Amino acid sequence: MTPRDKASKRREVFVASDPANHGTLVGQVDGSQFPIGGPDGIGHVSPGPNPYDLLSTSLAACTAMTVRFHARRRKLPLVRVKVGVSFHHGANGERDSFERTLVLEGELDTQQRAFLLEAANLCPIGELLGISADIHTRPDAATSSHNASTQASYEDDLVELHIPYIEAD
C-alpha cells in the first residue's frame, strides 16, 4: 500500500453544535451521527456519551476487535467477547488509568484464556492511551483493584475548569 493509498483511507470525525437543539453537540463519522453528552453551554447537561465515555468506548471496541482477531487467527473457540472499560483519575499525582474487564465466552482452556488476555494488550488504541495512562486488564471473575471513588467524572472535571456559561451557538 502506498502512502497515497493510506491517505485516501483517512477518516475524519466531526463534532458540531446543533442550533435546532439548543446547541447540543452531535458527533458524525461518515454517515453515522450520535449525541455528545455534557454541558451545553447554557447550564444544562446534554444526554449521550461524554468525552470520557467515548474514549473508554474506543479502548473497549479496539480491545474486542484485537481479541477477536487473535482468536480467529489461532482458531480458538471464542464465541463472544465483551469488554468493559472505566476511566479513573490518578490520586495524589499518580497517572490516570483505565480498568478493562474481559468476558470471554466459549470452550476456552486456561492457556487460551491467558493468551487472549495478553492479546488485549496489543490493541493499538491501548498502546496510544498507554503513553499517558495505565491500563489494567482483568478477566471478569477477578475483583477490581481500583477504588470506585477515583472513577473520573467528566462533569466534575469541567466544574474544576471554571468555564463560564455562554450562549449556545
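## The loop between β2 and β3

Asp-30 is found in the loop between β2 and β3, where helices (H or I, at least four residues) and strands (E, at least two) are DSSP runs numbered from the N terminus. Asp-30 has a positive phi of about 50° although it is not a glycine. Most residues other than glycine have a negative phi. The structure is a predicted model, in which local features need pLDDT of at least 70 and side-chain atom pairs count only at pLDDT 80 or more, while totals for chains, interfaces and linings use all residues. Residues are numbered from 1 along each chain as its sequence is written, and side-chain values use heavy atoms, with hydrogens and water left out.

Asn-92 is found in the loop between β6 and β7. At 81% relative accessibility, Asn-92 counts as exposed; the classes are buried under 20% relative accessible area, exposed over 50%, and partly exposed in between (1.4 Å probe, protein chains only).

## The sheet β1-β2-β3

Three strands form an open sheet in the order β1-β2-β3, with antiparallel pairing. Two strands pair if DSSP finds at least two bridges between them.

Strands β2 and β3 run antiparallel and are joined by 5 bridges. Val-29 stands opposite Ser-32 in β3.

## Two residues of strand β2

Thr-24 has its place in strand β2 and counts as buried, at 14% relative accessibility. Not counting residues up to four places away in sequence, Thr-24 touches Ala-16, Ser-17, Asp-18 and Ser-46; contact means heavy atoms within 4.5 Å.

Leu-25 also lies in strand β2 (residues 24–29). Leu-25 is partly exposed, because its relative accessible area is 36%. Together with Val-13 and Val-15, Leu-25 forms a nonpolar patch on the surface, with about 250 Å² of accessible area for the three together. Patches are made of residues with over 30% relative accessible area and no salt bridge, like charges being joined within 9 Å and nonpolar side chains (Val, Leu, Ile, Met, Phe, Trp, Tyr) within 5 Å. A salt bridge is a side-chain nitrogen of Lys or Arg within 4 Å of a carboxyl oxygen of Asp or Glu. Accessible areas come from the Shrake-Rupley method with a 1.4 Å probe, and for residues only the protein chains shown count as cover.

Another open sheet of 3 strands has the order β6-β7-β8, with mixed pairing. Its edge strands are β6 (78–88) and β8 (133–139), each pairing on one side only. Neighbouring strands of this sheet are turned by 20° against each other on average, direction ignored. Helix α2 (residues 51–73) packs on the sheet and touches β6, β7 and β8; the direction of α2 makes about 150° with that of β6. Helix α3 (residues 110–119) lies across β6, β7 and β8, running at about 145° to β7.

Strands β6 and β7 run antiparallel and are joined by 10 bridges, and Val-81 stands opposite Leu-104 in β7. Strand β7 (residues 96–106) and β8 pair in the parallel sense over 7 bridges. Phe-98 stands opposite Ile-135 in β8, and Arg-100 stands opposite Thr-137 in β8.

## Cys-123, a buried loop residue

Cys-123 lies in the loop between α3 and α4 (124–129). Cys-123 is buried, since its relative accessible area is 0%. Leaving aside neighbours within four places in sequence, Cys-123 is in contact with Leu-59, Cys-62, Thr-63, Thr-66 and Arg-100. The C-alpha atoms of Cys-123 and Ala-60 are separated by 9.4 Å, although these residues are 63 residues apart along the chain.

## The protein as a whole

The protein has 5 helices and 8 strands, which follow the pattern α-β-β-β-β-β-α-β-β-α-α-β-α along the sequence. Buried residues make up 29% of the 169 residues. Among contacts between residues at least 6 apart in sequence, 53% join residues at least 24 apart. The accessible surface comes to about 11,400 Å², of which 54% belongs to carbon and sulfur atoms.

Terms used:
Axes fitted to C-alpha atoms, helices over the stretch in contact; angles between N-to-C directions.
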